[in-house]
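Please view the structure alongside the notes below.

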Number of protein chains: 6
Amino acid sequence: MDLRAQIRGWLIEDLGGGPFPFEAARDPWCEAHIKAKSAAVLCGAPYVLTILEETQSLLALGPAKAPEIEWGYEEGARVPAGAAAARARGHAQTLLKAERTLLNFLSRLSEIATHTAEVLGSIGDLPAGFGGILDTRKNTPGLRHFEKYAVRVGGAKNHRLGFFDGDLIKDNDIAAAGGIRPAIDRAWGLRYMAEIQIEVQNMKELEEVIADGRVHMILLDNMDLPALRQAVARARQAKAASKTGKPYSLEASGIGGGDFRAIAQAGVDFISTSRLVRAAPPLDFNMKIVRVG
Amino acid sequence: MDLRAQIRGWLIEDLGGGPFPFEAARDPWCEAHIKAKSAAVLCGAPYVLTILEETQSLLALGPAKAPEIEWGYEEGARVPAGAAAARARGHAQTLLKAERTLLNFLSRLSEIATHTAEVLGSIGDLPAGFGGILDTRKNTPGLRHFEKYAVRVGGAKNHRLGFFDGDLIKDNDIAAAGGIRPAIDRAWGLRYMAEIQIEVQNMKELEEVIADGRVHMILLDNMDLPALRQAVARARQAKAASKTGKPYSLEASGIGGGDFRAIAQAGVDFISTSRLVRAAPPLDFNMKIVRVG
Amino acid sequence: MDLRAQIRGWLIEDLGGGPFPFEAARDPWCEAHIKAKSAAVLCGAPYVLTILEETQSLLALGPAKAPEIEWGYEEGARVPAGAAAARARGHAQTLLKAERTLLNFLSRLSEIATHTAEVLGSIGDLPAGFGGILDTRKNTPGLRHFEKYAVRVGGAKNHRLGFFDGDLIKDNDIAAAGGIRPAIDRAWGLRYMAEIQIEVQNMKELEEVIADGRVHMILLDNMDLPALRQAVARARQAKAASKTGKPYSLEASGIGGGDFRAIAQAGVDFISTSRLVRAAPPLDFNMKIVRVG
Amino acid sequence: MDLRAQIRGWLIEDLGGGPFPFEAARDPWCEAHIKAKSAAVLCGAPYVLTILEETQSLLALGPAKAPEIEWGYEEGARVPAGAAAARARGHAQTLLKAERTLLNFLSRLSEIATHTAEVLGSIGDLPAGFGGILDTRKNTPGLRHFEKYAVRVGGAKNHRLGFFDGDLIKDNDIAAAGGIRPAIDRAWGLRYMAEIQIEVQNMKELEEVIADGRVHMILLDNMDLPALRQAVARARQAKAASKTGKPYSLEASGIGGGDFRAIAQAGVDFISTSRLVRAAPPLDFNMKIVRVG
Amino acid sequence: MDLRAQIRGWLIEDLGGGPFPFEAARDPWCEAHIKAKSAAVLCGAPYVLTILEETQSLLALGPAKAPEIEWGYEEGARVPAGAAAARARGHAQTLLKAERTLLNFLSRLSEIATHTAEVLGSIGDLPAGFGGILDTRKNTPGLRHFEKYAVRVGGAKNHRLGFFDGDLIKDNDIAAAGGIRPAIDRAWGLRYMAEIQIEVQNMKELEEVIADGRVHMILLDNMDLPALRQAVARARQAKAASKTGKPYSLEASGIGGGDFRAIAQAGVDFISTSRLVRAAPPLDFNMKIVRVG
Amino acid sequence: MDLRAQIRGWLIEDLGGGPFPFEAARDPWCEAHIKAKSAAVLCGAPYVLTILEETQSLLALGPAKAPEIEWGYEEGARVPAGAAAARARGHAQTLLKAERTLLNFLSRLSEIATHTAEVLGSIGDLPAGFGGILDTRKNTPGLRHFEKYAVRVGGAKNHRLGFFDGDLIKDNDIAAAGGIRPAIDRAWGLRYMAEIQIEVQNMKELEEVIADGRVHMILLDNMDLPALRQAVARARQAKAASKTGKPYSLEASGIGGGDFRAIAQAGVDFISTSRLVRAAPPLDFNMKIVRVG
């Protein structure tokens with residue numbers, strides 16, 4: 001991902017075309033405060049200076065002074081409502097033209113990090129040995145990597161990032177290949193470090209996977225608690241994939257508004273949910289110029 | 001905006017690098033159904049075929065057959081939960097590799113259109129002459145134009161799209177310029193067809209704008225109902241900007257969870273809110289392969 | 001518009017491909033003077049340093065010293081023939097490789113600004129209340145925003161920049177829609193701050209627009225003086241668009257080599273002409289190295 | 001040069017951002033005539049269909065019918081004023097959104113080709129053995145290759161296209177290198193098929209080049225007729241560069257409004273002038289929809 | 001990876017800038033044979049049509065006929081020296097301008113596939129349970145994904161593709177982190193499906209990794225046969241990483257010109273070598289036009 | 001060629017997508033040595049700092065300190081095996097993430113420069129007047145300009161860089177045009193400084209070229225020594241192209257493993273061979289962190 005090209009794309013979306021020639025000498029130097037309107041887990045801070053730099057670059061502010069930023073909180077820290085998370089300094093045009101893009105970015109990432117932290121907090125203690133809450137690939141197009149980063153900052157873990165760091169054999173892959181075994185055949189041995197996981201929806205499919213003996217990462221999709229417990233019991237009894245010796249790793253998905261603790265207590269290693277990203281309620285940052293000249 | 005370049009960017013985010021050479025002759029032709037999990041206002045349909053085409057182009061499927069799509073509903077129509085909104089046909093790899101990007105896109109746009117339609121529906125009849133509910137520039141970076149399109153499909157209107165189609169003089173612009181009059185001076189006369197709007201937060205600022213006599217679009221920001229009514233009364237009494245003869249156009253913003261009908265009845269022409277876009281609850285589409293070969 | 005990407009595109013057009021590794025330590029530091037061969041209104045100066053910077057970046061001059069520029073005149077000022085508009089300093093390769101692109105850019109913008117200023121000067125005093133001379137969208141592909149900027153520097157005003165900051169309903173739009181009213185129907189209410197203007201070519205069309213009552217910006221296209229006077233009289237008598245209360249704003253276009261003063265005295269608010277940009281006579285800048293080492 | 005990427009850049013300059021979803025089924029199929037307002041040498045025709053195709057691609061017109069074009073004249077032919085140079089057919093939105101870009105492009109190229117043909121026509125017969133009239137690198141940034149193509153279509157020849165297809169040692173190169181000989185030293189032997197030319201401004205410099213004996217292409221810059229004749233006589237007497245055996249090739253430049261025939265008769269092989277491109281008077285094409293549906 | 005953008009980049013590298021308008025009607029339709037000069041494992045075939053298509057697109061050949069290709073051999077098949085691997089048909093300019101890029105691409109990929117197949121063939125039978133010969137990340141910049149694909153076509157396997165599909169903790173990572181344990185701490189738990197491998201160079205480091213108990217993929221770097229055997233024995237005795245239960249997976253690297261069979265017989269699971277890609281001897285394809293018109 | 005965009009492409013190929021936010025303050029400052037594993041002609045050094053800079057830019061290391069590099073050898077110098085060619089200093093993440101790309105680049109260029117120097121050295125003294133050993137256009141797609149640069153650093157010369165700096169009429173061009181004369185007709189007079197060369201394979205073709213009298217650069221392709229000597233004798237007897245007066249310039253190509261000295265002694269001016277680039281044996285650089293903090 002060409003980080004700076006992407007940021008320029010966001011800025012141009014707001015700025016439109018056009019040359020913006022300003023004489024830096026006449027454009028006053030300002031200081032602005034960036035605040036969260038409500039309490040937030042700060043996320044995205046390391047990129048804010050980059051957004052300011054790229055704004056100034058697009059504005060062709062000649063031999064202008066570089067923008068600066070000073071953070072009052074670290075990435076991932078809790079920022080109280082109304083506290084100045086950062087003090088930004090720059091030419092007026094740099095701050096004014098970067099403002100909306102910068103706030104939209106910071107708000108989006110922080111709302112995911114904040115919501116993730118709240119979801120984790122609300123679950124409370126999970127069984128020893130439970131691996132963690134994972135996100136999914138249900139992301140906003142163009143923000144996949146940023147949204148997954150925000151999930152990490154919020155304290156949860158990332159499932160695979162895309163097709164490139166793990167093969168998940170899903171229902172449509174099985175349908176296109178003509179069954180569980182031919183679907184595993186297509187994926188097996190292609191990757192050296194990226195693992196294969198397979199989705200099963202019932203005991204029959206689970207038995208097929210266990211009988212095949214190659215794949216040890218199993219996604220238990222859309223199962224209710226009794227079904228989950230039965231599946232977990234079967235896999236734990238089988239212990240490990242017979243052909244690789246790797247112990248089964250079990251993930252529950254499609255849990256909707258289900259009870260995370262009960263599902264974790266059913267014995268799965270991981271739970272994945274799109275809600276960390278998709279259900280994060282809006283959280284706003286704003287920016288106010290506090291000093292001119 | 002280079003539509004196809006942006007779509008390729010989304011796909012690459014999911015696909016990662018790599019050549020994907022498949023022999024089309026061996027890759028079966030499939031049909032898949034695209035369904036909304038819950039009732040939805042369909043939005044984004046015209047782009048789905050483009051996503052499939054660009055996926056196939058990235059896969060270098062040689063002399064493959066072009067993907068096809070057949071929609072059961074028109075853009076903007078209500079699709080019942082579970083109904084097949086579309087039947088897509090294509091080589092298995094085209095459908096499988098496009099799936100997540102396509103669904104994420106369709107889900108995001110449709111959830112905004114659906115939420116917008118619901119917000120409008122919940123408000124009920126508004127005063128004759130009321131201009132409409134507007135969105136804001138609080139968008140996901142990279143999706144501004146798509147999200148604003150979804151707002152239109154959902155039945156509301158767009159405020160300006162960016163800096164390029166309207167000058168909104170906000171608090172920070174006034175601060176940087178050193179006051180309302182110098183801020184208007186900077187913007188005045190630069191644009192021929194794109195209007196100027198100015199934000200005021202109290203009667204004192206409103207009086208300054210009226211006295212200046214140039215700007216006729218006024219944004220009444222963060223005012224409670226009594227303050228709004230007072231501001232409306234004052235502007236209606238002044239009728240039009242003295243220097244242009246254009247009748248005042250009044251917009252209420254920053255209304256949070258306020259009562260849209262009461263605010264509209266206070267006499268403003270427009271109400272803008274970021275909630276159409278930012279508070280849209282998640283809405284999922286999925287895709288299932290229903291026929292192979 | 002990604003300003004720096006566009007500038008790199010111009011440079012590559014001249015430089016072609018290839019790595020250009022020079023050891024900065026051996027490449028002498030030079031000073032060059034940039035002069036206009038004839039008197040000019042200087043335009044484009046704020047971008048010249050950016051062109052030098054991007055040239056040096058493409059040349060991979062390692063840990064080289066940054067180029068510098070010192071302007072003897074401000075953007076928009078009149079530079080006498082032969083005067084050193086700027087003194088540039090940089091490594092020889094930076095100056096030599098940037099030279100032609102830099103001069104072509106500066107010459108193009110300055111010839112438009114100079115020609116615009118001359119056209120305005122030749123017209124002399126215009127009626128009080130006359131709004132100004134406008135440009136058109138007849139621009140060199142790829143230079144739209146720069147050429148419109150040069151028009152502003154030369155003292156005239158910009159008509160809309162593109163489709164995005166104003167809707168101009170022209171003859172082809174009316175033909176495609178099937179008439180004036182359906183053409184207005186298609187455009188009405190889509191934009192919040194960007195206005196709608198409609199082109200009329202005779203009194204019959206003008207009456208249709210007045211009867212419709214929505215659009216207040218009218219383009220009187222290709223009318224001779226008597227026709228213009230008649231159209232102005234009719235619109236002034238109608239005063240304002242009946243449905244919006246906005247006073248009519250009248251623009252004359254298609255005036256060819258017509259008499260700007262007479263047309264302005266006919267009572268229109270604006271005159272647009274492509275000649276500011278398209279008929280600007282060539283004006284050359286050159287660059288001479290005056291000191292090496 | 002990525003032709004289609006550049007064309008998309010021009011279109012986006014006019015269209016701005018935004019999705020433009022139209023249902024092709026509802027958007028009428030139209031026919032439009034493209035005409036030159038005055039007699040023109042047609043130039044740019046092969047690209048017009050590409051512009052229409054890229055417009056339709058950006059508009060995401062779904063499974064729309066491809067635009068078509070039928071030319072009444074061949075590239076380089078003389079098109080009478082008002083004659084339909086082409087009949088274009090396409091969906092209304094494709095034609096309307098492509099119109100201005102297409103016309104600006106066609107007008108710019110055709111005005112150069114037309115002007116070039118006129119300049120050549122006005123010169124009349126030139127001495128047998130005269131090599132031709134050449135253009136320069138004084139081009140509009142971003143249009144170098146197109147403008148040089150238009151010069152060829154108009155009947156003149158191209159000087160080098162850029163730094164990559166010929167080394168021209170100019171005054172600044174000589175200054176930076178510290179003299180004619182060290183400047184030739186830097187360039188000599190680097191290129192296999194791209195020749196070296198050197199600029200001289202007087203007899204002293206010419207003698208240095210002849211004495212050096214390597215470079216056979218000589219640019220006689222800014223010389224009046226008597227000086228030109230003296231320089232030509234000296235080079236013809238020397239016949240060929242002593243170290244390569246290649247006969248001297250002499251070019252006159254910097255001739256301003258000079259008399260092409262007299263200069264050619266002075267015995268140079270080539271004359272270069274920026275006026276073919278830079279002094280081409282504006283020439284307009286327009287487009288009219290002539291049939292809908 | 002935007003496949004088509006990258007291919008256009010290769011073509012532009014050869015074609016340079018410039019418009020290339022040819023009238024398709026006049027440009028003859030040709031057939032050409034593509035042959036390997038020596039026996040080759042064919043690799044890259046699925047992309048050749050894409051290269052021809054993109055060449056034609058860059059040339060703006062108007063309403064030209066699409067190029068076609070017919071392969072006499074399948075991807076991965078052995079093509080005898082001098083046999084026509086493919087028959088390509090297209091307009092002359094499409095074939096002539098694509099020729100060098102197409103051949104350079106096909107030659108590079110096929111030489112890697114051919115060399116890989118030869119290396120594998122020369123090794124002969126390997127021990128049952130041996131996992132395979134792997135490549136490395138020592139690739140030509142810009143061709144990583146293509147070269148790794150060619151390795152697969154040649155019959156070997158890919159080590160990780162990049163940083164994104166596996167974490168390999170190497171000597172420099174250990175140095176920067178301050179030891180093996182802190183280096184594992186930094187990587188541990190960040191990835192869900194992409195595994196962690198660690199490089200060790202001696203028994204002491206191996207013991208540290210075994211004691212830590214987290215990482216089960218171990219890279220035995222630069223060890224001679226006795227050292228390898230000792231390391232293998234130690235790891236096999238420990239069986240599996242104590243904290244994950246995953247059996248140790250052992251890879252030998254840095255083997256230079258070592259004896260693959262002896263190393264495999266020493267008991268490692270995998271051997272990686274950069275020689276598959278880096279030491280592939282040149283293998284040429286050529287193209288001959290065999291029919292015109 | 002947009003140098004920095006291309007380098008970012010290489011880095012992204014290795015890094016994949018994703019934000020990489022690290023707090024520079026915590027990421028230790030390191031020093032690393034870059035060494036060649038075997039003796040090498042150093043090539044690519046001027047770009048290494050650029051690679052480090054672009055890596056740091058992609059990593060968004062906030063207000064981090066810029067990376068530095070100090071070379072112990074000049075570009076083109078012989079670096080002994082194991083000697084520290086450079087000392088690089090930077091934040092750990094900058095060095096670790098740039099490492100593989102930087103080494104792959106430096107290794108590829110240096111192996112070409114080293115091999116070229118060795119080939120030249122092994123040939124020994126060549127006849128006085130012999131022009132030089134040339135490369136070809138058989139390059140790795142995407143690295144054309146870099147590989148040709150490495151050939152120059154190694155001491156040989158470049159044939160044309162691409163289609164843009166010389167017209168080489170090859171067998172396929174002759175076939176498509178329908179003969180030698182029509183092929184020359186198509187190319188003649190199109191270029192001002194870029195020469196035309198024509199490929200001949202036997203005396204009959206050579207006679208046709210001489211009879212035509214226009215082209216003076218002749219490529220003697222795939223001729224054995226006796227044939228070469230006969231062709232040279234014929235051309236030397238003809239001296240110069242009759243229509244231009246330029247002495248014949250003769251190049252031997254397709255010499256395979258032929259004897260360079262014998263071929264040069266046969267009297268050609270140049271020999272071209274793809275082996276400088278394509279047959280360069282692998283040569284590795286590595287990087288070791290030697291100090292942390």
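Which side chains of chain A and chain E meet in a salt bridge? In this predicted model, the partners are R191(A) and D165(E), with an N to O distance of 3.8 Å. That pair falls under the cut-off of within 4 Å for a side-chain nitrogen and a carboxyl oxygen, so the pair counts as a salt bridge.

**Symmetry of chains E and F**

- Chain F is superposed on chain E by a rotation of 180° with 0.0 Å of shift along the axis, and the RMSD is 0.0 Å.
- This is the relation of a two-fold axis.
- G142(F) is the residue of chain F that comes closest to the rotation axis, its C-alpha lying at 3.3 Å.
- The copies meet through the same surface, because 100% of the interface residues of chain F are also interface residues in chain E.

**Extent of the contact between chains A and E**

- Chain A contributes 25 residues to the contact, and chain E contributes 25 residues.
- Interface size is often expressed as the accessible area lost when the parts come together.
- Between them, chain A and chain E bury about 2000 Å², with 65% of this area on carbon and sulfur atoms.

**Polar and charged interactions between chains A and E**

- There are 2 salt bridges between chain A and chain E, and the pair R191(A) and D165(E) is one of the salt bridges.
- Polar contacts across this interface involve 6 residue pairs, with both residues at pLDDT 80 or more.
- On the side of chain A that touches chain E, the residues comprise 9 nonpolar, 8 polar and 8 charged.

Note on methods:
Residues numbered from 1 in each chain as written. Chains lettered and ligands numbered in written order. Predicted model: local features only at pLDDT ≥ 70, side-chain atom pairs only at ≥ 80, totals over all residues. Heavy atoms only, no water. Least-squares fit on C-alpha atoms with pLDDT ≥ 70 in both. Contact = heavy atoms within 4.5 Å. Buried area = accessible area lost by both parts, 1.4 Å probe. Polar contact = N/O pair within 3.5 Å; in protein donor to acceptor, adjacent residues only side chain to side chain. Nonpolar A, V, L, I, M, F, W, Y, C, P; charged D, E, K, R; others polar.
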